[in-house]
Amino acid sequence: MTRPALRSLDEALPQLLAQAKPLHTKQTVSTFDADGRVLAHDVTAALQVPPQDNSSMDGYAVRAADCAQAGAVLRVTQRIPAGTHGTQLHAGEAARIFTGAPIPPGADAVVMQEDCEAREGEQVQVTKAVPAGQWIRRSGEDVTRGATVLTQGTRLTPAELGLAASIGLAQLQVSARPRVALFSTGDELVMPGDVAPEAMPAGAIYNSNRFFLRAMLQRLGCEVTDLGIVPDKRDATIAALRDAALHHDLILTSGGVSVGEEDHIKPAVESLGELNLWQLAIKPGKPFAYGKVNREAEGDACHFMGLPGNPVSSFVTFLLLVRPFVLALQGVTKTEIARTDTTAHFDWPRADKRREFLRVKRNAQGGLDLFPNQSSGVLTSAVWGDGVVDNPAGQTISKGDTVRFISFAEWLA
Ligand code: AMP
Ligand code: MG
């Protein structure tokens, strides 16, 4: 059997993403519940933030011309706590004012209370000269009316929720959550909880992929249906896939995508649609499958993706390929993850013909340490590490070299 040619990630990813047409369904959710969701419309401000010029200090609103020299004495004629508004301020007058309260007409500066001394008969002495505009937050300095403050396709984070609320939006329109059916394959797999560690039969291993894949999907805004282990009969597999396709946007499996492997997934998907097995020039994570399971009644199809079974391969392939895919389904415009130039504090003397994703950890000196065992089955590497080095094919690394670092904190967010 001839080995299929390796396909580069840079070639495969755009081909894959070309299939990820954004889902049509939109939802209106409370701004409170929109964290992590993807905005389905541009957000335009219907007002200025702040709405009026206001004080950024507790103190006195004054006319700067009255306080050109230190020592001016002014009559305190009004009091403006936040939430109220004042009246015209005349020459020789000051208004007691508090942080956030609107500047009264006629005033053009604020003196902080630390620079004032109370005098008899409702008077105040300003101990310093006051420049015009001092301690005033200008209307619209945060947001101007009519400005587009958030754009369609943005993944919302807490800061965006606050900004939307600041312009009066109690609800936001977001993309529907992709519905993902998750299957595992492999007769050796046992669910934690079903068999105690000391009772594990020879050859059995716990299903770990299911746990991180489900968590990663949920973090990316997906609604996950965990369908457990694929039944080990052809007809049952076909029935399970056909049924899952009806109610999901993506069927994701792990395991059983190696070349020539005897398993039910490949023929089952092919009988319901199409399946392409790719050999990607990446390490860990060479085998990967993409296909479609047709929904006959609707005349469309559910996406199918098959990840390798080795836990670190599954983990990394998910981040490289499934992550941008499910984000694109939600209409996210920027799915690329940042690579930061960082210094390697390790040697990697053996170049590989595949592009490698080496598990590393930042050290106190700002450099990167390498996990000693880079095997694709060693999940400890992903726990110990706080990211990966994206190392080009054919590249060795020497201590002191600049490498491209991807942080798990960002990649898993
Ligand atoms: P496969 O891709 O099915 O050939 O599996 C490759 C390796 O990954 C084998 O050692 C499997 O036992 C292991 N593996 C497959 N699926 C899982 C899983 N869900 N959890 C943990 N290990 C797995
Ligand atoms: Mg297997």
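The side chain of Thr 84 reaches the backbone oxygen of Pro 81 at 2.7 Å. Thr 84 sits in the loop that joins β5 (72-80) to β6 (93-97), in what is a predicted model.

- Pro 102 is 18 residues from Thr 84 along the chain, yet the C-alpha atoms of the two are separated by 7.6 Å.

**The six-stranded sheet**
- β5 and β6, the strands on either side of the Thr 84 loop, also belong to an open sheet of six strands with mixed pairing.
- The strand order in this sheet is β7-β4-β6-β5-β9-β8.
- The edges are held by β7 (109-112) and β8 (116-119); each has a single partner strand, so one side of each lacks a neighbour in the sheet.
- From one strand to the next, the twist averages 40 degrees.

**Arg 295**
- Arg 295 belongs to strand β20, which spans residues 287-295.
- Its relative accessible area is 7%, so Arg 295 counts as buried, the limit being under 20%.
- The side chain of Arg 295 reaches two backbone oxygens: that of His 248 at 2.6 Å, and that of Ala 301, which lies 3.2 Å from a polar atom of this side chain.

**Ligand 1**
- Ligand 1 is surrounded by 16 residues, and the closest are Glu 188, Asn 207, Ser 208, Gly 256 and Gly 309.
- By class, this shell consists of ten polar, four nonpolar and two charged residues.
- Asn 207 contributes its side chain, in which an N or O atom is 2.8 Å from a nitrogen atom of ligand 1.
- Asn 209 contributes its backbone, with an N or O atom 3.4 Å from a nitrogen atom of the ligand.
- Gly 309 also takes part through its backbone: a polar atom there is 3.0 Å from an oxygen atom of ligand 1.
- On its own, ligand 1 has 480 Å² of accessible area, of which the protein covers 79%.

How values were computed. Residues numbered from 1 in each chain as written. Chains lettered and ligands numbered in written order. Predicted model: local features only at pLDDT ≥ 70, side-chain atom pairs only at ≥ 80, totals over all residues. Heavy atoms only, no water. Near = heavy atom within 4 Å. Polar contact = N/O pair within 3.5 Å; in protein donor to acceptor, adjacent residues only side chain to side chain. Areas by Shrake-Rupley, 256 points an atom, 1.4 Å probe, with all protein chains shown as cover. Nonpolar A, V, L, I, M, F, W, Y, C, P; charged D, E, K, R; others polar. Helix = DSSP H or I, 4+ residues; strand = E, 2+ residues; numbered from the N terminus. Pairing = 2+ DSSP bridges. Axes fitted to C-alpha atoms, helices over the stretch in contact; angles between N-to-C directions. Buried < 20%, exposed > 50% of the residue type's maximum accessible area, 1.4 Å probe, protein only.
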